[in-house]
Amino acid sequence: MQSKTKQNGKLFISYRRSDARGIAGRLCDTLGAYFGDDRVFRDIDDIAGGADFGNVIEQNLQAADAVIVLIGPDWLSMKGENGQRRLDDPEDWVAEEIAVAIALKKPIFPVLIENTSMPREDELPDKLKLLTHYNALTISDNRWKSDVLRLGKIISFEIPSASERKLGMVKTGISFALFASISLTAGIIAWNILQGSAEPLYLWQSGIPFVAIIASTLLLSTITNLIDEERQRYIYASIVSGALGSLIFFVLLKPLTEAQEPTITFLGSIMVGTLMFAFMNISGFKAK
């Protein structure tokens, strides 16, 4: 039932204000801290005054990658002023939100508040019957932290968390910087040889990869706390490799002759960069 196509990493929270308004606000804040505030939508905060409510809701459902349906104790039975059950009203926005999400084959996560039971299929209008095909989770005030963390981890299979997105960008940036700097230096060597230069590599040119290595080492040190605790040691190993490698090939090898130093420095950068990359990959950049 669940689509695996990720668009913008957005999460839509469907709820009935008179049934779950307080919980919806608290859940929005907690999930916003986990996934990023700009990626969690709920109508009370995200619809500007004067905007067409229906159009905004539909646009956000279209853009969403997952939908949470908050179900409180009165969600199923609540009636309107005319005595008709709200879910049976063709103009009920809660029912319409869920129906659109089902039609769009969005990943849906029914979330039961406290001791609320999941509605049976025969209790729902036809357009909502498929809601019972999705696995429900429960959240409770007494277990809020653990319940919402479990919900966040399940949703993260559909939407990467803010930490996962940040780690993904860091991994991509460092990998590109290491590869590009070493490739650039190798290209300089080839160019100097073709031009008949007296030296295939000058000292300042051999240090280009270490600029990327030092920058990568500093960047890794800022995201260590986002890594799963069991994998942090590999990030630390990558940081130590970068720091020690820079120290060895920039300081301890200074006694080498000027002719030897650029070549050794470049070969050292390849070794250090490869070691850093290996440790990074072993860590998997797995977020907490």
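Me: What is a salt bridge?
Reply: A salt bridge is a side-chain nitrogen of Lys or Arg within 4 Å of a carboxyl oxygen of Asp or Glu. The model here is predicted, so local features need pLDDT of at least 70, side-chain atom pairs count only at pLDDT 80 or more, and totals for chains, interfaces and linings use all residues. Residues are numbered from 1 along each chain as its sequence is written, and side-chain values use heavy atoms, with hydrogens and water left out.

Me: Why is the pair Lys129 and Asp126 called a salt bridge?
Reply: The closest N and O atoms of Lys129 and Asp126 are 4.0 Å apart.

Me: Why is Asp92 called buried?
Reply: Its relative accessibility is 5%, so Asp92 counts as buried. Arg16, at 2%, is buried too.

Me: How do you know that Asp92 and Arg16 form a salt bridge?
Reply: Their closest N and O atoms are 2.9 Å apart. Asp92 lies in the loop between strand S3 (66–71) and helix H4 (93–103), and Arg16 in the loop between strand S1 (11–14) and helix H1 (17–35), so the pair ties together parts that are 76 residues apart in sequence. Helices (H or I, at least four residues) and strands (E, at least two) are DSSP runs, numbered from the N terminus.

Methods: Buried means under 20% relative accessible area, exposed over 50%, partly exposed in between (1.4 Å probe, protein chains only).
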